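Trainee: I would like to learn how to read a structure one feature at a time. Please begin with the open spaces and then go on to the rest.

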Amino acid sequence: MALGTTAFWQEAGKQMGILKDCSETDLSFCCRVMLSALSKWALTVAGGSEQVSIVKVQQIVEEKLAGYLKVLPTDDTINSEGIVETMYKLLLENGAFYHLRYNVRPAPHKLIGCGDISLIRGLTPEEKVCFSGFAPYVVESSPDGNMADDFMLWPLVGSETIDLVWRRSTTVESRVNLEEYLNIERTSGRYFSSKKNPSWPFTLARSRQPGNNSSYEYYLITGDEVRHIPGDYVEASIHEYVRLAMMNKVKKQSVTATIRESIVSVECGYLLPAPDLRFIRFMSWPANIADMKDAFKFKFILHPAVWPGVRERLISLGYEVHENHD
């Protein structure tokens, strides 16, 4: 990598609080800086305007991406297809701005407490912030905001979730065709299988919706009683918190974090519920830029400053967190 290119990425990273770790390659570091810089452009392109067209946001970010790709430290072609679209979706789903038909409007400025740092919503162009993944933050605690509430994450612990969903579900009077059951043993790495574990009377089951093979109806079973989980609970992915809670009852699912000076590498052994997966992807860099569009990749990289807040969230979900200091 040419000296001028090195200086460019190091200075850009420094402005966003991103430092190269001794364990990572030049290309990995540059890609991390690039993704955060693209996020910053997307977040601030509206400036002081009340709203700006989605096309303009994406065009500006695509232009910046094309320029950044020309100064990456490699002669290899980086597959950048879908990066802008995926990033835009992550920002939108995590409340960074509001979608108004063909336009977006910046979210009101707000500090959201996350341990000893505060995440920023409604970033302004002149604001000095750091980045972890696509998320801007400042190194100061704030009593304002609540991470779970502001990012629409499920607030209840596992046992409370199961109890609530059971009470709110409807008893199925007639026989229903249950196609798959929660795969307690995780055979073949699958989350559901066609066989029910007879030694575990309380479980989650599903069947395909008539005429729609890509969607499922979900059910809770205890003994001979079957209850149908309401559709709005499934739409909000609350059934996925039930799935995780049930697995944790059998065996604590785990997360391993390797903590280094400039990065925290995290590997999750069991799929996060969709809202938390969406939040973690917003807070992190993918371990490989090719994983940007893959919702089932469990490896991600965080800034050490945001790790304590994320760690607390993972523990609240029932994960057993293992930390290795390298």
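Trainee: How much space lies in the second largest pocket?

Mentor: About 270 Å³. On a 1 Å grid over the protein atoms alone, a pocket is an open set of points with protein on both sides within 12 Å along at least five of seven lines, a cavity is a set where a 1.4 Å probe fits but cannot get out, and lining residues have an atom within 4 Å of a point. Points are joined across faces, edges and corners, and the volume is the space filled by probe spheres set on them. This is a predicted model, in which local features need pLDDT of at least 70 and side-chain atom pairs count only at pLDDT 80 or more, while totals for chains, interfaces and linings use all residues. Residues are numbered from 1 along each chain as its sequence is written, and side-chain values use heavy atoms, with hydrogens and water left out.

Trainee: Which elements give two or more residues to the lining of that second largest pocket?

Mentor: Helix 1 (3-15) and helix 2 do. Helices (H or I, at least four residues) and strands (E, at least two) are DSSP runs, numbered from the N terminus. Among the lining residues are F8, W9, A37, W41 and P125.

Trainee: How many cavities of 30 Å³ or more are there?

Mentor: The count is six. The largest cavity holds about 130 Å³ of space. It is lined by 14 residues, and those closest to its centre are R281, S284, P286, D291 and F300. Helix 9 (274-283), strand 16 (285-286) and strand 17 (299-302) each supply at least two residues of this lining.

Trainee: Is helix 2 mostly covered or mostly uncovered?

Mentor: Mostly covered: 14 of the 19 residues of helix 2 are buried. Buried means under 20% relative accessible area, exposed means over 50%, and partly exposed lies in between (1.4 Å probe, protein chains only).

Trainee: What is the largest nonpolar core?

Mentor: In soluble globular proteins, nonpolar side chains tend to be buried together. A nonpolar core is a set of buried Ala, Val, Leu, Ile, Met, Phe, Trp, Tyr and Cys residues joined through side-chain atoms within 4.5 Å. Here the largest has 101 residues, and L119, M283 and W307 have the most contacts inside it. Helix 2 (residues 26-44) provides the largest share of this core, 10 residues. Apart from it lies another core of six residues, including Y181 and Y219.

Trainee: Which residues of helix 3 are buried?

Mentor: An α-helix has 3.6 residues a turn, so residues three or four places apart point the same way. In helix 3, the buried residues are I54, V57, V61, L65 and Y68. They cover an arc of only 65° around the axis, so they sit on the same side of helix 3; the arc is that of the directions from the helix axis to the C-beta atoms. On the other side of helix 3, V55, E63 and K70 are exposed.

Trainee: What is the phi of R101, and what is that of S237?

Mentor: Most residues other than glycine have a negative phi, and most peptide bonds are trans. Phi of R101 is near 55°, a positive value, and phi of S237 is near 65°, also positive. R101 lies in the loop between strand 2 (97-100) and strand 3 (103-106), and is exposed at a relative accessible area of 75%. S237 lies in the loop between helix 7 (231-235) and helix 8 (238-250), and is buried at 11%.
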